[in-house]
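Dear colleague,

Please find below the structure that I am handing over to you.

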Amino acid sequence: MKIPFENFQFFIDTTNFNPVKPTVLFIHGFTGASSDWSEIISQIDSNFSTIAVDLIGHGKTDSPDNISFYEIDFN
């Protein structure tokens, strides 16, 4: 599913999401994607649901031209 945010869209894999069950959130590392977790998600106990996110500029999430989305403020 894609969720709009400002001028771009985030991709969130909700294939195994069930709002009634406790949910495990999967966030990939640098250069990764939500699909990196597919093998692990397939082995999660059925008492849990899962959500996996593609961070900005990764996987199926948009890559906006605005560089401020990619900066980290160290102050």
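Ser49 is buried, at a relative accessible area of 1%; buried stands for under 20% relative accessible area, exposed for over 50%, and partly exposed for what lies in between, with a 1.4 Å probe and protein chains only. The model is a predicted one, in which local features need pLDDT of at least 70 and side-chain atom pairs count only at pLDDT 80 or more, while totals for chains, interfaces and linings use all residues. Residues are numbered from 1 along each chain as its sequence is written, and side-chain values use heavy atoms, with hydrogens and water left out.

Ser49 belongs to strand E4. Here helices (H or I, at least four residues) and strands (E, at least two) are DSSP runs, numbered from the N terminus. What surrounds Ser49? Leaving aside residues up to four places away in sequence, Ser49 touches Asn16, Phe17, Asn18, Lys21, Pro22, Thr23 and Val24, where contact means heavy atoms within 4.5 Å. The side chain of Ser49 also makes a polar contact of 2.8 Å with the side chain of Thr23. Such a contact is a pair of N or O atoms within 3.5 Å; within protein, one must be able to donate a hydrogen and the other to accept it, and residues adjacent in sequence count only if both atoms are side-chain atoms.

Six of the six residues of E4 are buried, so the strand is largely enclosed by the rest of the structure. Ser49, Ile51 and Val53 point one way from E4, whereas Thr50, Ala52 and Asp54 point the other way. For the chain as a whole, buried residues make up 25% of the 75 residues.

I turn next to the sheet. The chain contains one helix and four strands, which follow the pattern β-β-β-α-β along the sequence. The four strands form an open sheet in the order E1-E2-E4-E3, with mixed pairing; two strands pair if DSSP finds at least two bridges between them. Strand E1 (2–5) and strand E3 (23–27) stand at the edges with a single partner strand each, so one side of each has no neighbour in the sheet. From one strand to the next, the twist averages 30 degrees, and for such angles the axes are lines fitted to C-alpha atoms, for helices over the stretch in contact, with values from 0 to 180 degrees between N-to-C directions.

In which sense does E4 pair with E3? The two pair in the parallel sense, over five bridges, and Ile27 has Val53 in E4 as its bridge partner. Strand E2 (residues 8–13) pairs with E4 (residues 49–54) in the antiparallel sense over three bridges, and Phe11 stands opposite Asp54.

A search of the whole structure finds one salt bridge, a term for a side-chain nitrogen of Lys or Arg within 4 Å of a carboxyl oxygen of Asp or Glu. The side chains of Lys2 and Asp62 form this bridge, at 3.5 Å from N to O. Lys2 lies in strand E1 and Asp62 in the segment after E4, so the pair ties together parts that are 60 residues apart in sequence. Lys2 is partly exposed, with a relative accessible area of 39%, and Asp62 is partly exposed at 28%.

Finally, the structure holds five aromatic pairs. Rings of Phe, Tyr and Trp (its six-membered ring) pair if their centres lie within 6.5 Å; planes under 30 degrees apart count as stacked, over 60 as edge-to-face and the rest as tilted. One of these pairs is Phe8 with Phe69, which is edge-to-face, with 5.0 Å centre to centre and 75 degrees between the planes. Phe8 lies in strand E2 and Phe69 in the segment after E4, so this pair ties together parts that are 61 residues apart in sequence. Phe8 is buried at 4% relative accessible area, whereas Phe69 is partly exposed at 25%. The rings of Phe26 and Trp37 have their centres 5.0 Å apart and their planes at 45 degrees, so that pair is tilted. Ring pairs also link Phe5, Phe8, Phe10 and Phe69 into a cluster.

With kind regards
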